[in-house]
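Student: I'd like to learn how to read a few features off a model. Could we go through them together?

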Amino acid sequence: MNRIFFRFFVLVMLSITVATFFIYVAISRLFGDPLDDIARRQAAAQIFLLEQYIDKAPADEWLVRLNKVREVSDVKLDLVPLASARSALPAKQHGALDRGELVLDTAHKAFYRRVDLHGESYIGSAEEVIHAQELPIDISLALEMEAVRYVIVALFLLVPAALWSRSHWLGLQALSRVADEVGAGKLAARAVFKPRASIYPLAERFNHMAGRIEGLLDAQKNLLHSVSHELRTPIARLEFALELLRSAADDPALETRIAAMEGDVAELNGLVNELLSMIRLDSRQGLQQADFELAPALLGCVDALDPLAAQPQVRLDGALGSMNGDRRLLLRAVGNLLRNAQKYGNGRIALSARRTDGVEIVVEDDGPGIPEGERGKVFEPFYRIDRSRDRSTGGFGLGLSIAQKAVALHGGTIAVEQSEMGGARFVIALPA
């Protein structure tokens, strides 16, 4: 937010500067250089002596009067050839010099003017120029005045603009905080502004959008929750019916079919349980914060794995210490990653943890890994790289999504990388 208003300030200052430059150029083109006008006023006494005293002298007294002015004035007056004067002045001033006009050289505190155009003042005067030097010209004061004028104009523009934009800035900051809360999952957060506030229409549209999002997500959660609970009853009936069928049937072929059906029912029951877990994580239900020792918890997570599958190599930092969080949720996230490694690895998996600024837990395997283009999608619900649904690969595509949500509830992140073992490397970063 500060960056926006800093850019606004710089833009206003640049606009004032550019406007001042173009004003100077326009006035110079239309009315002459303002600095020359200031210099002319500062040299007005010397110009008056030249035009009113020396010029009006008879031809035989012209040089006499010029010498008298030299004696009483601090200004140095010389007669120089016309060619020398033309070489000392820029080309754009040659025309004025040739017409007999007084030409100022502000940078050198001097002026040039031809004696006359027809050689009437004295012999050869048509080819000579009066060169006045050391004039009392000081444009620094004029430049300081222009700078003061520039600063005053800038202040009178910026102060009202700053006061006017302050309300916008404060309103946008408040709206930004509400947007952060909504983005963090607090969907009930709303922006509250008075109707006369400048961003009131924007805040109302934001609140309307947040309300619609909250309503849609609540409807989705309620639907999933209701469907999941409703599915539990027919699943239980199916399990009971299959038990009755098994006890009444003696046919080995039918026994195989019943076992397959029981596997399907168990898979469906597992899906319902995973959906309910997702819903609880989305609604932050049952989050139980407590201090627990991290190393024993991770070792217990390893002990809960399938003993018939590959077991992980465990490397735990001796200074892991304790952390505050929901032990069950964090271990479920780590357990999901370990079971994925068991499932897709080729026999080698590893679990490591170390204390940095926070806690870093790493699970990696030697399996096929995850293509770089798929790494951002594997945490989406029901997303699976192989697209299969059979029990040979297992799972519903919810394990990684549940792990990510569990870690995010603790303020952490989970990322997937390429492992040095050749497969996938999942990194959980938790705050201290």
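Tutor: Let's start with exposure: buried means under 20% relative accessible area, exposed over 50%, and partly exposed in between (1.4 Å probe, protein chains only). Arg-99 has a relative accessible area of 52%, so Arg-99 is exposed. Bear in mind that this is a predicted model, where local features need pLDDT of at least 70 and side-chain atom pairs count only at pLDDT 80 or more, while totals for chains, interfaces and linings use all residues. Residues are numbered from 1 along each chain as its sequence is written, and side-chain values use heavy atoms, leaving out hydrogens and water.

Student: Which residue forms a salt bridge with Arg-99?

Tutor: Side chains of opposite charge can pair when their charged atoms come close. The cut-off here is a side-chain nitrogen of Lys or Arg within 4 Å of a carboxyl oxygen of Asp or Glu. Arg-99 pairs with Glu-101, with 3.1 Å between the closest N and O atoms. Glu-101 is partly exposed, at 37% relative accessible area.

Student: How many salt bridges are there in the whole structure?

Tutor: The search finds 9. One of them joins the side chains of Asp-55 and Arg-113, at 2.4 Å from N to O. This pair links distant parts of the chain, 58 residues apart: Asp-55 is in the loop between H3 and H4, and Arg-113 in strand E3 (residues 110–114). Helices (H or I, at least four residues) and strands (E, at least two) are DSSP runs, numbered from the N terminus.

Student: Are Asp-55 and Arg-113 buried or exposed?

Tutor: Asp-55 is partly exposed at 29%, whereas Arg-113, at 8% relative accessibility, is buried.

Student: How do I describe the helices H3 and H4?

Tutor: Two packed helices are described by the angle between their axes and the distance between the axes. Axes are lines fitted to C-alpha atoms, for helices over the stretch in contact, and angles run from 0 to 180 degrees between N-to-C directions. The axes of H3 (residues 44–54) and H4 (residues 62–72) come within 10 Å and cross at roughly 150°. That makes H3 roughly antiparallel to H4 (under 35 degrees is roughly parallel, over 145 roughly antiparallel, 65 to 115 roughly perpendicular and the rest oblique).

Student: What about Glu-364 and Arg-425?

Tutor: They form a salt bridge with closest N and O atoms 3.9 Å apart. Glu-364 lies in strand E9 (residues 359–365) and Arg-425 in strand E11 (residues 424–430), so the pair links distant parts of the chain, 61 residues apart. Salt bridges with shared partners join Arg-315, Glu-364, Glu-417 and Arg-425 into one network.
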